[in-house]
Amino acid sequence: KVLIIGACGQIGTELTAALRNTYGAENVIASDIRQSESEVFTQGVFELLDARNKEAIQACVEKHEITDVYLMAALLSATAEKNPEFAWDLNMNSLLHVLNLAKDKIVKKVFWPSSIAVFGENSPKKNTPQHTIMEPSTVYGISKLAGERWCEYYYKNYGVDVRSIRYPGIISWKANPGGGTTDYAVEIFHEAIKHGQYTCFLSEDTSLPMMFMDDAVRATIAIMNAEVTDINIRSSYNIAATSFTPKELTSAIQELLPEFTIAYEPDFRQQIADSWPESIDDSAATNDWNWSSEFDMKAIVSEMITNLNKRLG
Ligand code: VAH
């Protein structure tokens, strides 16, 4: 049985729905610090759970006979800069609690999300390699890099079967993101449909790696279903789909919403974005477990506008 910790987040919400479709609602337990109003959680089991509380996690695992844990709880880049100590505590200690449960054979398999935030100013910007210089300058990136090191350590020293993916910016419409630097690429669609105008907190030429949620969820399930012998990287795999700037995204939106206009007012998140790669080399994931993305920027724009138009009426 599967436990998702941080199930009400942007990725957790859709991961919960996808895993329940795959394994049956009764086999997928959703948990978070508070329950969101998403209809995903109206059926199936939901448990209030603080990811920083090891005893509570263990009790939940034993109560529901959990074998696989997806640990999705974290503070993202922008929020973490405002709450460094809490971000470190939540992002790091939640991982160590779950890794120790796996080390003690209480849990069989672990998924843990890393991020392109593990790269820094002096990492290669274009086609950032799987193995390269990594000097993250954000609390979030530091916690994700440290987490990757712990994942590899627990695999090598205790045989823990933990698998990880470095997510790019994730774009989705079913659940709102919380506190990310890439979230301009979600907000822009809501504002375009509701107000026809958006003031972007990044500059127009800021190119960032991005991915549609369907691709991210498919990659997550794929790596967890891969044969142990296919997983050659136990820190975290680069994955990629597309890269674009706010300017390029705006042009694509204007093809469907010609009246849409954008203004640029970069804020503190510009420095975070400037420290991240422009594009990612994900050949290791392709070679090891046949990863390939399906949504390019045009497809993302079409999905977002079609679905948000329906949702926002
Ligand atoms: C953030 N969406 O912006 C997250 C992600 C690579 C970006 O880590 O913080």
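Q: Which residues touch the most other members of the largest nonpolar core?

A: In soluble globular proteins, nonpolar side chains tend to be buried together. In this predicted model, the largest nonpolar core has 70 residues, and those touching the most other members are Leu 3, Ile 5, Ile 171, Tyr 184, Phe 189, Leu 249 and Ile 253. Helix α4 (residues 84–103) supplies the largest share of this core, nine residues. Another core, of 36 residues, lies apart from it and includes Ala 30, Tyr 167, Ile 170 and Met 213.

Q: With what is Tyr 184 in contact, leaving aside its neighbours within four places in sequence?

A: The partners of Tyr 184 are Tyr 198, Cys 200, Phe 201, Leu 202, Met 210, Phe 244, Thr 245, Pro 246 and Leu 249. Of these, Leu 249 is also among the residues that touch the most other core members.

Q: Which residues form a nonpolar patch on the surface?

A: Trp 150, Tyr 153 and Tyr 158 do, and together they have about 270 Å² of accessible area. Tyr 153 is placed in helix α5 (residues 139–158). Its relative accessibility is 39%, so Tyr 153 counts as partly exposed.

Q: Are Cys 8 and Cys 60 buried or exposed?

A: Cys 8 counts as buried because its relative accessibility is 16%. Cys 60 is likewise buried, with a relative accessible area of 7%.

Notes: Residues numbered from 1 in each chain as written. Predicted model: local features only at pLDDT ≥ 70, side-chain atom pairs only at ≥ 80, totals over all residues. Heavy atoms only, no water. Patch = residues over 30% accessible without salt bridge, like charges linked within 9 Å, V, L, I, M, F, W, Y side chains within 5 Å. Areas by Shrake-Rupley, 256 points an atom, 1.4 Å probe, with all protein chains shown as cover. Salt bridge = Lys/Arg side-chain N within 4 Å of Asp/Glu carboxyl O. Helix = DSSP H or I, 4+ residues; strand = E, 2+ residues; numbered from the N terminus. Buried < 20%, exposed > 50% of the residue type's maximum accessible area, 1.4 Å probe, protein only. Core = buried A, V, L, I, M, F, W, Y, C linked by side-chain atoms within 4.5 Å. Contact = heavy atoms within 4.5 Å.
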